[in-house]
Amino acid sequence: MVIVGTGPVGLALAIDLGQRGHEVLVIGKFDFIPDGSKAICFSKRSLDILDRLKVGGQAVERGVTWNVGKVFWKDSREPIYQFDLLPVKNQKMPGFINLQQYYLEDLLIGRISELPNVEVRWGHEVTDVSTSASGAKIGVKAEGGDYEITCEWLVACDGSKSTIRNKLDLDFEGRVFEDNFLIADVRMKGDFPAERWFWFDPPFNPGKSVLLHKQPDDIWRIDFQLGWDIDREACIRPENVNPLVKAMLGADVEFEREWYSVYTFQCRRMARFVHGRAIFAGDSAHLVSPFGARGCNGGLADIDNLGWKLDLVLRGDAPEEFLETYNIEAITTADENILNSTRSTDFLTPKSAVSTAFRDAVLDLAGVSDFARAFVNSGRLSTAVGYPDGPLNSPDEGDWLGGVASGYPVIDAPLDEGWLLEKLGGRFVILSNGGQFDPPLGVDHIDLAARTNARIAIERLDLRPGSAYLIRPDQYVAARFRTPDADNLTAALKRSSQGVSA
Amino acid sequence: MSEANILSTADADTIYAQLIDLHRGRSDAESLRLNARLILLLINQISDVETVLKLIASAEFDTMTGEIAS
Ligand SMILES: Cc1cc2nc3c(=O)[nH]c(=O)nc-3n(C[C@H](O)[C@H](O)[C@H](O)COP(=O)(O)OP(=O)(O)OC[C@H]3O[C@@H](n4cnc5c(N)ncnc54)[C@H](O)[C@@H]3O)c2cc1C
């Protein structure tokens, strides 16, 4: 089992498979963690995943927690629109944290060092790849001499310029957006709150947008929209950036440059993520615009979906074809992320006089009328994506109105002294409220009726007495029953762990 | 297209005149913005996704046959 890439996605997958007891080799071309400006916003769903990988607590501790986003227009002091990313409280993890990507990578590497069955080779570059029906072969360039490795499964987490994708001559279709954004990461003692602040057409960047985020260590990210025709070299020179930042923060605020860079973006994905024994996850498989923070969060969703499925296949408990369900579900996620980030981009950077008119009309009305606020799109922030028509779901048994439907992640709630999601862990679980049945062999049964502090969990899941959920190892609901019994539970388990109906 | 609730010519003329008045003396950009606001207000009044989506699609009808582009 080989993973190519030591970005957040490859490292997280290595931990997941390592925790499940597999021998994992990770190959990464750098022998350092690159700094510079990359992801900062990590979603609640990602934190739930990271918690399962045993670094969630540290990420929250190290990061800046935030839940509220505000949107300003022109020189307005009051937001024209405001949203809360954690509308349902009483969950272990917050709506979002901001944490520099290199800090997250550092935490992941720390966790890997606790797993003796995971080996990371730093400074080794994959230069060649071929696949067969039974595995893959890669060529690796390393200081101590080039070599080849054959493996049963190869997961390509090698980023947007994926060597594996290119060498296998695979497609990567989509749209490039004609706009540039300047990222100014600055160090300052600002008294802005830990919230996401977004401006349309502010006096300090007329006609364009600006985004402000707080990061740990008194670092702030300011993201200025620049437009299309720019000199990329000149744009990041301090003598050009500093006046922009000053105009925004006010002449009396002292700040220091941390990192200035310019980026453009694209929304694209591969037609398929599973190519025989080579599987793609993260930026190698899909790219989105950063508005909505769906890049790295989307990549973590990939490995959350892939880890347990590969585990079953590696153990011989599920057929190889089971991985097709990763292809289906991860593409559902990627498409939703691409759709949302494309829509945000079209709102942020209108492409014609008419779309500008609609955008400005929305902003006009949002200041005075509730209904228009829903149209304001400064980025729809990453949340877990559902698979309502997913191949692993079983239809509801009995009458369900509330709760969490099949194909959606279980919502967290307090339980005993801790939290529901912690107790679910990374395995198949039957969660019931006093359910009377024999659980299928090897599947744990958590009976909320026998636990303390379970009222909120019971309500959130609409677990009336006697009913039960079957929950997948990625904490998505596979099936739910008002009258669970050994037969319907076994059938649903078979479907969700084999991809076939009984 | 639906022909329900046909307006009287008098009402139609009044509404039409108001629309033209709204745009009198405006630049194209201002007019576009006003029209966009108006469309949003109408959408709010209709307040039903299915109906709104149908109406948006029906804007692209064939002027000869009245058929809505698919
Ligand atoms: C300015 C900016 C802001 C962003 N903000 C956010 C945000 O707030 N939230 C969010 O979720 N996402 C954000 N993103 C996106 C996020 O950074 C990416 O989605 C994320 O880095 C993808 O992780 P990855 O592991 O798939 O790929 P990468 O991080 O690109 O890692 C790829 C890895 O593969 C290695 N590699 C590549 N080729 C080879 C090879 N041939 N051999 C061996 N190793 C190889 C590289 O060295 C690297 O370690 C942002 C991106 C940018 C640019």
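Predicted model: local features only at pLDDT ≥ 70, side-chain atom pairs only at ≥ 80, totals over all residues.

Analyst: Residues are numbered from 1 along each chain as its sequence is written, chains are lettered from A and ligands numbered from 1 in the order in which they are written, and side-chain values use heavy atoms, leaving out hydrogens and water.

User: How many residues are around the ligand?

Analyst: A residue counts as near if one of its heavy atoms lies within 4 Å of the molecule. Among those that come nearest are A:Gln101, A:Thr163 and A:Asp283. The number around the ligand is 32.

User: How much of the ligand's 1000 Å² does the protein bury?

Analyst: Start with the polar contacts (N or O pairs within 3.5 Å): backbone polar atoms of A:Gly7 and A:Ile40 each sit 3.2 Å from a ligand oxygen. A:Ala293 brings a backbone N or O atom to 3.4 Å from a ligand oxygen. By the Shrake-Rupley method with a 1.4 Å probe, the ligand alone exposes 1000 Å², and the share buried by the protein is 88%.

User: Which element gives the most to the shell around the ligand?

Analyst: Elements here are DSSP runs, with helices (H or I) of at least four residues and strands (E) of at least two. Those giving two or more residues in chain A include α1 (8–19) and β9 (125–132). With three residues, the top contributor is α8(A).

User: How far apart do the C-alpha centres of domain 1 and domain 2 of chain A lie?

Analyst: The domain assignment, automatic or from a database, gives chain A domain 1 (2–62 + 98–171 + 271–346) and domain 2 (414–498). In contact (heavy atoms within 4.5 Å) are 16 residues of domain 1 and 13 residues of domain 2 of chain A. Their C-alpha centres lie apart by 29 Å.

User: What ipTM does the predictor give the complex?

Analyst: Chain B averages a pLDDT (per-residue confidence, from 0 to 100) of 91. For the complex, the pTM is 0.95 and the ipTM is 0.92.

How values were computed:
Polar contact = N/O pair within 3.5 Å; in protein donor to acceptor, adjacent residues only side chain to side chain. pLDDT = per-residue confidence, 0-100.
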